[in-house]
Amino acid sequence: VTHNVDLSRSEGNFSPNVSLQWHPNDESMLYANISRGFKGGGYDLQFSGNQAAALTQMEYAGETVTAYELGGKFRFDNDRAQFNADVFREDFKDLQVSALLSSATQTFAVTNAAAARSQGVEADLRFRPVAALTLSASGAYLDAMVTSFPGAQCDEVQSESFGCINGVQDLGGRPLQFSPKWAGTFNM
């Protein structure tokens with residue numbers, strides 16, 4: 001399908017960052033961070049229908065995130081051990097997501113979810129019992145979900161019993177893709 005399109009877009013964003021650090025002693029540091037980030041919008045012409053319909057579905061908005069983080073870094077045993085931990089929260093507005101347009105052709109397009117939240121806790125520990133050996137472990141708990149996404153496109157086989165009404169659904173309360181609740185590593 002040929003689409004003759006001549007469109008333009010312009011956007012700007014102010015993305016501040018405020019960080020505080022406190023060193024109560026030589027072996028520890030506590031920090032707090034608040035920041036705002038931005039990812040620009042654009043066009044994604046993956047639509048195979050008529051051109052007039054394609055023009056209304058190909059543009060997606062910029063995404064913003066406001067992130068909060070509190071944490072600490074601690075060294076022990078003459079720098080042979082280090083423990084780091086933090087808690088975080090990220091609030092997304094107009095999260096850019098990939099939406100399935102056709103399950104038959106596996107065609108996806110970028111669109112915007114209204115809002116999402118990602119929050120959790122992460123920690124890591126490193127220990128060097130002898131000069132030639134360092135042990136490390138890390139772990140994280142993540143609660144990441146779409147907080148608002150009314151009007152999300154259904155796939156072609158969804159029915160009303162699966163929440164698809166007139167071709168759209170509300171994905172609010174659903175987990176974000178590729179966001180495991182638990183993650184961890186161990187290295188030697």
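**View 1. Met29 in strand β2.** Met29 is found in strand β2, which covers residues 28–39; here helices (H or I, at least four residues) and strands (E, at least two) are DSSP runs, numbered from the N terminus. This is a predicted model, where local features need pLDDT of at least 70 and side-chain atom pairs count only at pLDDT 80 or more, while totals for chains, interfaces and linings use all residues. Residues are numbered from 1 along each chain as its sequence is written, and side-chain values use heavy atoms, with hydrogens and water left out. Is Met29 buried or exposed? Met29 is buried, since its relative accessible area is 12%; buried means under 20% relative accessible area, exposed over 50%, and partly exposed in between, with a 1.4 Å probe and protein chains only. Setting aside neighbours within four places in sequence, Met29 is in contact with Gln21, Trp22, His23, Pro24, Gly71, Gly72 and Lys73 (contact means heavy atoms within 4.5 Å). One of these, Gly71, sits 42 residues away along the chain, with 8.5 Å between its C-alpha atom and that of Met29.

View 2. Strand β1 (residues 17–25) pairs with β2 in the antiparallel sense over seven bridges; two strands pair if DSSP finds at least two bridges between them. A hairpin takes the chain from β1 to β2 through two residues, and Asn25 stands opposite Ser28 in β2. β2 also runs antiparallel to strand β5 (residues 63–76), joined by twelve bridges. In that pairing, look for Ser35 opposite Ala67 in β5.

**View 3. Strand β11 against β8.** How many of the six residues in β11 are buried? The count is zero, so strand β11 (residues 182–187) is hardly covered. Six bridges link β11 to strand β8 (residues 133–148), and the two run antiparallel. Among the bridge partners are Ser138 and, in β11, Thr185.

**View 4. The largest pocket.** Its volume is about 570 Å³. Of its 23 lining residues, Val97, Ser98, Phe149, Leu171 and Gln177 are the closest to the centre. On a 1 Å grid over the protein atoms alone, a pocket is an open set of points where a 1.4 Å probe fits, with protein on both sides within 12 Å along at least five of seven lines, and lining residues have an atom within 4 Å of a point. Which strand gives the most to the lining? That's β6, with seven residues; β6 (81–102), β7 (107–130) and β9 (152–153) each supply at least two. By class, the lining has 13 nonpolar, eight polar and two charged residues.

**View 5. Gln153 in strand β9.** Gln153 lies in strand β9. At 36% relative accessibility, Gln153 counts as partly exposed. Its C-alpha atom is 9.5 Å from that of Asn166, 13 residues apart along the chain.

**View 6. Zooming out to the protein.** The secondary structure comes to one helix and eleven strands, in the order β-β-β-α-β-β-β-β-β-β-β-β along the sequence. Buried residues make up 28% of the 188 residues. Among contacts between residues at least 6 apart in sequence, 59% join residues at least 24 apart. The accessible surface comes to about 12100 Å², with 55% of it belonging to carbon and sulfur atoms; accessible areas come from the Shrake-Rupley method with a 1.4 Å probe.

Technical notes:
Grid points are joined across faces, edges and corners, and a volume is the space filled by probe spheres set on the points. Ala, Val, Leu, Ile, Met, Phe, Trp, Tyr, Cys and Pro count as nonpolar, Asp, Glu, Lys and Arg as charged, and the others, Gly among them, as polar.
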